[in-house]
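Here's a quick briefing to read alongside the sequence and the 3D view.

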Amino acid sequence: MAEQPMPLWEVFIRSRTGLAHRHVGSVHAADAEMALQAARDTYTRRGEGLSIWVVPSAAITASDPAEKGPLFEPTASKIYRHPSFYEIPEEVGHM
Amino acid sequence: MYSQALNERIEGPRVVEDPAKLAAFQARIDAEERIEPNDWMPEAYRRTLVRQIGQHAHSEVVGMLPEGNWITRAPSLRRKAALLAKVQDEGGHGLYLYAAAETLGVSREELYEQLLAGKAKYSSIFNYPTLTWADIGCIGWLVDGAAIMNQIPLCRTSYGPYARAMIRICKEESFHQRQGYEIMLTLCRGTAEQKAMAQDALNRWWWPSLMMFGPPDSESQHTEQSMRWKIKRFTNDELRQKFVDATVPQGLYLGLTFPDPELRFDETTGHWRFGPIDWSEFKRVLAGQGPCNRERLAARRKAHEEGAWVREAALAHAAKKRARERAQRIAAE
């Protein structure tokens, strides 16, 4: 009998209070509870984390790297969004 | 190294790549950009990585066996706890690597199936037996030492998920080497019998450790392409020399001798020169005729088969729980 595939989960870990959860890798597990345990054993054997999120990999929608040009174009053309776009006389001091 | 069987031809149809895309890909590599899972990549790059990462993952998993052999017989609780943690790390390393390979479009089940069917290779080093406790010292000191030599440059390999897996692995590997060397040091400072045991282990593990770096550059068929794609950063022979240079002084500190009459320090180059490696032994072990090849695969198959009911039960339980939750939701609506 062909082996039934084990669902894939993406693992996110908060390493310290005040930091965001960060993607660290993935695990295979039958359900969310086992995915959490597998993530703990696989990615936090040396106190790397205070909190773990597991998310079914299939639930993630990703942008297409080949389309990154058109996707991020609006950000490149709007230089007036940066503080350095505006000229302030030196006498005014730091702003 | 952990992927020393890269000389075999990669199966699959020859793909003719778009020269413009190839050039853009090479430009990204040359600019030290990391390639990520959804990026365009030449088919040969993908296949090389699947094979290399797969062999590496299998090596970690099979590598648990020779050491697992000594967990119940470790000489003290301290040694036992450390060995247990080390073997657990190797299992973890296998998982990071399978996960990295999966980002290339191959499933862990497929890779594992190839290992169990004897179609995929793993490092030749794990086909040698661990006869005494000193072998555990030698594995940590030499085998993990050789692995670190190979894996540190892999932290900068061009494929992002592989590089990130290697960074995690390298952080953990250092403990492995130190615990091995400490075992050797304790034996060498012990009774004459204990020191003889350490010497015997070094005699048996030295040459197989040097073989871990794979065939010599003159016979390594894919080195050039892998270097161009920055999958590899150093050649097999370069890494082997680095390892010898780092390891010989450590062995001399232990008061041990190396089983190589030609080993000598070359004042002009600052390198330790070593005698010829028996490549026929390497080929034999890689081809399945090492002392423990059959035993290792049999142990993996047994573990896989005997664990099947656990995997099936976990999936069945998850399906049942999902169905129950669905029924409750419908009832509540």
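Two residues are in contact when they have heavy atoms within 4.5 Å of each other. This is a predicted model, so local features need pLDDT of at least 70 and side-chain atom pairs count only at pLDDT 80 or more, while totals for chains, interfaces and linings use all residues. Residues are numbered from 1 along each chain as its sequence is written, chains are lettered from A and ligands numbered from 1 in the order in which they are written, and side-chain values use heavy atoms, with hydrogens and water left out.

**Chain A**

- Chain A has 2 helices and 3 strands, where helices (H or I, at least four residues) and strands (E, at least two) are DSSP runs numbered from the N terminus.
- Read from the N terminus, its elements go β-β-α-β-α.
- The radius of gyration (over C-alpha atoms) of chain A is 22 Å, well over the 12 Å from the globule rule for 95 residues, so chain A is more spread out than a compact globule. That rule is 2.2 Å times the number of residues to the power 0.38.
- Its C-alpha trace spans about 75 × 35 × 15 Å along the principal axes.
- Of the contacts in chain A with a separation of 6 or more, 42% are between residues 24 or more positions apart.
- Buried residues make up 23% of the 95 in chain A; buried means under 20% relative accessible area, exposed over 50%, and partly exposed in between (1.4 Å probe, protein chains only).

**Chain B overall**

- Chain B has 13 helices and 2 strands. Its radius of gyration is 22 Å, close to the 20 Å that the globule rule gives for 333 residues, so chain B is as compact as a globular protein of that length.
- The C-alpha trace of chain B spans about 80 × 55 × 35 Å along its principal axes.
- In chain B, 52% of the 333 residues count as buried.
- For chain B contacts between residues at least 6 apart in sequence, 80% join residues at least 24 apart.

**Nonpolar cores**

- A nonpolar core is a set of buried Ala, Val, Leu, Ile, Met, Phe, Trp, Tyr and Cys residues joined through side-chain atoms within 4.5 Å.
- The largest one has 90 residues, and the members touching the most others are Tyr45(B), Ile53(B), Tyr159(B), Trp205(B) and Trp206(B).
- Helix H7 (residues 160-188) of chain B gives this core its largest share, 11 residues.
- There's also a second, separate core of 5 residues, including Ala30(A), Ala314(B), Leu315(B) and Ala318(B).
- Leaving out residues up to four places away in sequence, the residues that Tyr45(B) touches include Phe25(B), Ser158(B), Tyr159(B) and Trp229(B).

**Two residues to look up in chain B**

- Pro37(B) sits in the loop between helix H1 (19-30) and helix H2 (43-62), and is partly exposed at a relative accessible area of 25%.
- Beyond neighbours within four places in sequence, Pro37(B) contacts Thr103(B), Tyr159(B) and Pro161(B). The C-alpha atoms of Pro37(B) and Pro161(B) are separated by 7.7 Å, though the two residues are 124 apart along the chain.
- Arg240(B) is in helix H10 (residues 236-253) and counts as buried, at 2% relative accessibility.
- Among the residues that Arg240(B) touches, not counting those up to four places away in sequence, are Phe213(B), Pro215(B), Pro216(B), Phe274(B) and Trp279(B).
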